[in-house]
Amino acid sequence: RDFNERCAQCSEVNWGLTDGGRFYCRSCHNVTERTREVVNTDFITNSRVQTISKGLKKQEKNDGGCEWYICEGFQLVLKKQVEALEALGVCPQMKDEILCNFWRCYLQKSKQAYCKRPAGETVKALSVCESSTDVDSDPERPSLLHMLSLSESEGDLQTDCSFASSVSKVSESTSVYSGSVDGSLYLMKNQKEKLRMTMPMTLSFCYLALLWVREPITLSELLRFVVEGHIPYMNVFQHFPEKMKLCGLDLKIFCVESWPVYEEVFNKMHELAAFLDLPRFPDITESCFLHPDMLCMKYLMEANLPDELHNWTCRVVKKTGIGEVDFLTLMPGNKSTRKVKYDVLAAAVIVVVLKLLFLLDDHYEWLLSEFAEERNKNNTEGGPYFEFKKWYGVVKHSLDVEQKKLDEEKAKYLWRCEKPLFYSVKNKSKVLKRRQMVVNLQNQFGKLSGSVQRAEKPNPSSFQLSWSEENTDGSCFHGHSLKGVLQEKRGLLTAMNPDYWLCTVKLCNERLCGHLAHYREVEFPQSYHFVLGLFSFLLRIQPSYIHDEVCMIEHRLFNKKLCKKLKYNTVLRK
């Protein structure tokens, strides 16, 4: 009450106290350097004592570090990632209004913070819990950076200190060394029952927030930006404050030695949404970027396919019902609804349309190409007819070039971080000396060989393959016509091809097998495999996942015919 200075950020006078005795603004959650002064009458008159940090989290160790918890490390990772997304153009509200609430809810449900610590319970790895009165007295959302350190009430100094010291004693009693307070206990088996935080789960958090605000970023794009270095993920712990010492088992938690996998991040996102007990997400409507009609337009452009194909993709989306709001909108915890991969679904729609028009059986598409080539020789009016054979040659050449670049970049990637890592205090001096020696040798050899330093990473782009209609070499097929494969029937344009081959007659149980259908390259035509490989490169996923979605769409499209066929086969067996 005696502290009447205005806040430097919002100019309000509404102060509270953190665990460390510092003042923070209840309106904007800005933490100041000022600490509370307490007059103690037990001492000499006019003498004053300043309260210092009550917990051990802020006390410095002998090596200059401070005690910190694993959840605080993940909080810093999320902060860096969401700031990178904001730099890419994501709405600023996603950080404080969406991701922060998700993270706070996760900490509360996993009993790491914002929860009441059960009396007499033994100290566990994830027990960085604040008093329940702190949350009740401040219903407003704190900022992401100071989330764990906010506390309005003074609390009980002895209780807080004894609890933190008990955690420290348990941590010290373990034989495995770690820099964090709970690092050695975080990987214990009894913690596997909970949805334990991992590095891939940070991307699940980000994608969950992106999905809530319906940002025009798919999961495949998010992971590609991670690989390209636009979003912190690999060696992100280098951005930790200097006092947060990372060593021992902490490296197992934060040090990543592989690229994020689409399926893992996607499945963890759905587990996380159900764990947080989130409500139905905002509707995915036709005007939303994640709708199949919108994504099909994007992938048609990137795959260098004719614009007229978009009318056919829209017809397939409408016919199969995969563009309905209830089908596309995420409803966490509802096991009856299918988990939609928006980018994979759109790519599968294009594959189905190509099968409808060109069959993709390694025979019919080449006959149509010969026909279109003859027509283009004599065609003087309108746009050229689309030639599948020519398109195949142009796209395959560009795809091979880009794939080679990607393989070279992955091969050249330096997995070791610039910041030295050590698994024990004994090896610290050796690791630092070796690291310094390696750096010196690299600099000397670089000067002798005259090696060129790495160029700056290019700006992020939604398109990996770009095609310009201004090129005179005819490598762009966006404006090409589909007249060579269509015919007018009863006032509607229909495919000249009356046949269609199904990828599979009967779908597998996705929950048991993990796939709706099994994909083996030798069992399918090369044209079909090439198209799957193209979208597999664009989405950076395995072709089998696109094949699953193709099978699902086909069974929705030909549901009546398949039912009749199955009934007929059953009668024959009887």
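Predicted model: local features only at pLDDT ≥ 70, side-chain atom pairs only at ≥ 80, totals over all residues.

Modeller: Residues are numbered from 1 along each chain as its sequence is written, and side-chain values use heavy atoms, with hydrogens and water left out.

Colleague: How many helices and strands are in the protein?
Modeller: There are 20 helices and seven strands; these are DSSP runs (helices H or I, at least four residues; strands E, at least two), numbered from the N terminus. Of the 574 residues, 47% count as buried, meaning under 20% relative accessible area with a 1.4 Å probe, protein chains only.

Colleague: How do I describe two packed helices?
Modeller: Two packed helices are described by the angle between their axes and the distance between the axes. Here α13 (residues 342-358) and α19 (residues 543-557) pack at about 60 degrees, with axes 8 Å apart. The axes are lines fitted to C-alpha atoms over the stretch in contact, and angles run from 0 to 180 degrees between N-to-C directions.

Colleague: What does that angle make α13 and α19 to each other?
Modeller: Oblique, therefore: under 35 degrees is roughly parallel, over 145 roughly antiparallel, 65 to 115 roughly perpendicular, and the rest oblique.

Colleague: Which residues in α13 meet α19?
Modeller: Val344, Leu345, Ala348, Val349, Val351, Val352, Lys355 and Leu356 do, and their partners in α19 include Tyr545, Ile546 and Met552. Contact means heavy atoms within 4.5 Å; Ala, Val, Leu, Ile, Met, Phe, Trp, Tyr, Cys and Pro count as nonpolar, Asp, Glu, Lys and Arg as charged, and the others, Gly among them, as polar.

Colleague: Is α18 mostly covered or mostly open?
Modeller: Mostly covered: twelve of its 14 residues are buried, among them His529, Phe530 and Phe537. Those buried residues pack against α7 (219-227), α10 (292-302), α13, α14 (364-378), α15 (388-412) and α19.

Colleague: What span should α18 have?
Modeller: At 1.5 Å a residue (times one less than the number of residues), α18 (residues 526-539) should span 20 Å, and its end C-alpha atoms are 20 Å apart, which agrees. After α18 comes Arg540, with a positive phi near 60 degrees.

Colleague: And what covers the buried residues of α9?
Modeller: The cover includes α2 (93-109), α6 (199-213), α7, α13 and α19. Phe266 and Met269 are among the buried residues of α9.

Technical notes. Buried < 20%, exposed > 50% of the residue type's maximum accessible area, 1.4 Å probe, protein only.
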